[in-house]
Amino acid sequence: MKQLRHRYGGGAEISFPDWVLDAGGHALLVGPSGSGKTTLLSIVGGMLQPTSGQAIVAGQDLRQLSAGALDRFRGQTIGLVPQKLHLIASLTVAENLQLAQYLAHLPKNPQRIHEVLTRLGVAELAQRRPHQLSGGQSQRVAIARAVVNKPKLLLADEPTANLDDDAATAVIDLLEREAGEVGASLLIASHDGRVKSRIGHSFALQRQQAEETA
Ligand code: ADP
Ligand code: MG
């Protein structure tokens, strides 16, 4: 990432330090609340275009991609576990994963879906809908959805927020294990000290000068 900056309409500009995450490496993105962690994940994941600067992900300069190519790239190369999970309420667990294949323009692959749900220990929940899952189960499904397309980069936004110590340890274990299984780099945004003790390599964002006064 080079000289990345982002300004939301009317807000202060966030400037990000330059950094590189090696292929297959695991790193933590730290910084106080409001420092831009979620913004940076959105840029790296191709969901938000930075105001300026260069983001190269898996060898691809994101600015060079057309809108359609970016959609495909995002679906096939990036796996995101968003903070609020965003499972589609009207779809079953299996259909949520099918949708990830569809949006990435990949052929239907029920076998892969079954394999990932099994790896995450939630295969028996495949026909349930998100409201029939516990918090921990939902998070496993969201991780399954993020890795179903074998991404090159797995992103997780505050994955341990609201989890007790055992569950926090378990979710970091799962993210590391699943990233390893598909050979993805792993970038976790978190201001949780428990995660810091687990992942040695970290990039730090500074507190922003002008906090918003909403
Ligand atoms: P973090 O994830 O580290 O808490 P964020 O990336 O969510 O930080 O936010 C960084 C800054 O950008 C904050 O000042 C926040 O209020 C602002 N911000 C985030 N998202 C938006 C948005 N969609 N529109 C306007 N401002 C935003
Ligand atoms: Mg955030």
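How far is an oxygen atom of ligand 1 from a polar backbone atom of glycine 34? I looked this up before anything else. The distance is 2.7 Å. I keep in mind that this is a predicted model.

**Entry: ligand 1**

I went on to the other polar atoms around the ligand. Threonine 38 places a polar side-chain atom 2.8 Å from an oxygen atom of ligand 1. For tyrosine 8, I find a polar side-chain atom 3.5 Å from a nitrogen atom of the ligand. Next I checked how far the protein covers ligand 1. The ligand exposes 560 Å² when taken alone, and the protein buries 65% of that.

I then listed the shell. There are 11 residues around ligand 1. Gly34, Gly36, Lys37, Thr38 and Thr39 come nearest. By class, I note six polar residues, three nonpolar and two charged. Which helix gives the largest share of this shell? I find that helix H1, residues 37-44, does, with three residues.

**Entry: the antiparallel sheet**

I turned to the strands. One open sheet has three strands, paired antiparallel, in the order E2-E1-E4. E2 and E4 are the edge strands; each has a single partner strand, so one side of each lacks a neighbour in the sheet. On average, neighbouring strands here are turned by 30 degrees against each other, direction ignored.

I followed E1, residues 2-7, to both partners. With strand E4, residues 52-54, E1 pairs over two bridges. With strand E2, residues 13-15, E1 pairs over three bridges. Both pairings are antiparallel.

Which residue in E2 is the bridge partner of arginine 5? I read off serine 15. In E4, arginine 5 has serine 52 as its bridge partner. Lysine 2 stands opposite glutamine 54 of E4.

I also looked at the hairpin of E1 and E2. Five residues lie between these strands. In this hairpin, glycine 10 takes a positive phi near 80 degrees.

**Entry: the parallel sheet**

A further open sheet has five strands with parallel pairing. I wrote down the order as E7-E8-E9-E3-E10. Which strands stand at its edges? They are E7, residues 78-81, and E10, residues 202-204, and each pairs on one side only. From one strand to the next, the twist averages 20 degrees.

I took a closer look at E3 and E9. Strand E3 spans residues 26-30, and strand E9 spans residues 185-189. The two run parallel and are joined by four bridges. Leucine 28 has isoleucine 188 in E9 as its bridge partner.

Last, I checked which helices pack on this sheet. Helix H2, residues 67-77, packs on the sheet and touches E7 and strand E8, residues 153-157. The direction of H2 makes about 70 degrees with that of E7. Helix H6, residues 165-182, packs on the sheet too. I find H6 touching E3, E7, E8 and E9. The direction of H6 makes about 155 degrees with that of E9.

Technical notes:
Residues are numbered from 1 along each chain as its sequence is written. Chains are lettered from A and ligands numbered from 1 in the order in which they are written. Side-chain values use heavy atoms; hydrogens and water are left out. A residue is near a molecule or strand if one of its heavy atoms lies within 4 Å of it. A polar contact is a pair of N or O atoms within 3.5 Å; within protein, one must be able to donate a hydrogen and the other to accept it, and residues adjacent in sequence count only if both atoms are side-chain atoms. Accessible areas come from the Shrake-Rupley method with a 1.4 Å probe; for residues, only the protein chains shown count as cover. Ala, Val, Leu, Ile, Met, Phe, Trp, Tyr, Cys and Pro count as nonpolar, Asp, Glu, Lys and Arg as charged, and the others, Gly among them, as polar. Two strands pair if DSSP finds at least two bridges between them. Axes are lines fitted to C-alpha atoms, for helices over the stretch in contact, and angles run from 0 to 180 degrees between N-to-C directions. Contact means heavy atoms within 4.5 Å.
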